[in-house]
Amino acid sequence: MMKYFKILMLVMLAFASCQNRSDSAMQKKIAIIVSTLNNPWFVFLAQTAAARAKTLGYESKIFDSQNNTALETDHFENAIADGYNAILFNPTDANGSVVNVQKAKKAGVPVFCMDREVNSPDATSQIFSDSYSGCVSLAKDFVQTLNKKGNYVELLGLVADNNTWARSKGFHSLVDYYPGLKMVAQQSADFDRNKGLEVMESILQAHPNIDAVFAGNDAMAMGAYQALVAAGKADHVKVFGFDGAEDAIQAIKDKKVSATAMQFPKVIAQTAADDADAYFKGKRDFPKKLPVAVELVTYDNVNDYIAYGKK
């Protein structure tokens, strides 16, 4: 009788242990705060992070900052007040978002930055694409495609985002060595497709004779392409983007866009969620900055890729 009683107790203890682990996981909540859901790339990033959190057993919620640091601040305050245990964060502003990261740290809530950086060591970890190196590779293709000469336009992203300048600097680190390549205009279009269209239309009025456009992301690249089509210039002006968005991949297949740099948002989002899980389980030693490699996509290799990744 005693033997059976001991077995029963062991079974009950094992069940209780499993139940406690399950309850512990379900009690944890992860906030996913992204700069904007008006860009398919960030929608994919947020949804991938949420899916990974669910797989790991955590409740999550996506917050859209709409590229507004004030709204982002509200999201942080609400997430902290509502008892979220970690924040997967895509910042709106490298400097302006620092205060929110510090606020979370003070509250004991770890922050894992995704894709965009903040200029502060207070984030638990920052996982982002190696934009500089990616644009060096893109610049090589740009130089070759234009045969080292021609007039071009550069569309910058958000001026407060480090990615904007990492991409621009990576591009110019090579292109500026070729005196035959002349930048006739450089203007921000905020990583937005509609703004890319509007800015490109304005630039074409002042500089109708251009040979190429380098855009800091695919949304602006596709907007620029629309403007070129409307102006009857799409057939001879080469367009280069950055992201690996679905419409850009298709445009490369259709020979409408020359090239893009493929980011891997799935890797970034899943790494951030996995890091939050590891934090909950006691890990505290995370790399402050973790760059993810970017790959060049052209007509020659486009069939190896799908939207936001490899086949």
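The largest pocket in this predicted model holds about 330 Å³ of space. A pocket here is an open set of points on a 1 Å grid over the protein atoms alone, with protein on both sides within 12 Å along at least five of seven lines, and its lining residues have an atom within 4 Å of a point. Grid points are joined across faces, edges and corners, and a volume is the space filled by probe spheres set on the points. Of the 21 residues in the lining, N38, N39, F191, R193 and A219 are the closest to the pocket's centre. Two or more lining residues come from each of α2, α7, α8 and α9; helices (H or I, at least four residues) and strands (E, at least two) are DSSP runs numbered from the N terminus.

A word on the ground rules: residues are numbered from 1 along each chain as its sequence is written, and side-chain values use heavy atoms, with hydrogens and water left out. As this is a predicted model, local features need pLDDT of at least 70 and side-chain atom pairs count only at pLDDT 80 or more, while totals for chains, interfaces and linings use all residues.

The largest cavity has a volume of about 70 Å³. Its lining includes N39, F42, D115, R116, F191 and Q263, and α2 (40-55) and α6 (162-175) each supply at least two of the lining residues.

Next comes N90, which sits in the loop between β3 (86-89) and α4 (98-106). The N90 side chain makes a polar contact with the side chain of S35 at 2.6 Å; such a contact is a pair of N or O atoms within 3.5 Å, where within protein one must be able to donate a hydrogen and the other to accept it, and residues adjacent in sequence count only if both atoms are side-chain atoms. A polar atom of the N90 side chain also lies 3.0 Å from the backbone oxygen of M114. Beyond four places in sequence, N90 is in contact (heavy atoms within 4.5 Å) with residues including I33, F42, L45 and D115.

Here are some residues by relative accessible area, where buried means under 20%, exposed over 50% and partly exposed in between (1.4 Å probe, protein chains only).

| Residue | Relative accessible area | Class |
|---|---|---|
| N90 | 0% | buried |
| N100 | 0% | buried |
| C113 | 0% | buried |
| C135 | 0% | buried |
| K281 | 65% | exposed |

N100 belongs to helix α4 and, leaving aside neighbours within four places, touches T69, E72, T73 and F76. K281 lies in the loop between α10 (265-280) and β11 (289-292). As for the cysteines, the whole structure has zero disulfides (pairs of cysteine sulfur atoms within 2.5 Å).

Finally, the nonpolar cores, which are sets of buried Ala, Val, Leu, Ile, Met, Phe, Trp, Tyr and Cys residues joined through side-chain atoms within 4.5 Å. In the largest, of 33 residues, L155, M200, I210, V213 and L228 touch the most other members. β6 (150-156), α7 (193-206), β8 (212-215), α8 (218-230) and α9 (246-253) each supply at least two residues of this core, and α8 gives the most, with seven. Apart from this core lies another, of 27 residues, among them L45, A46, A272 and F286.

How values were computed:
1 Å grid on protein atoms, 1.4 Å probe; cavity = no way out; pocket = protein on both sides within 12 Å on 5 of 7 lines; lining within 4 Å.
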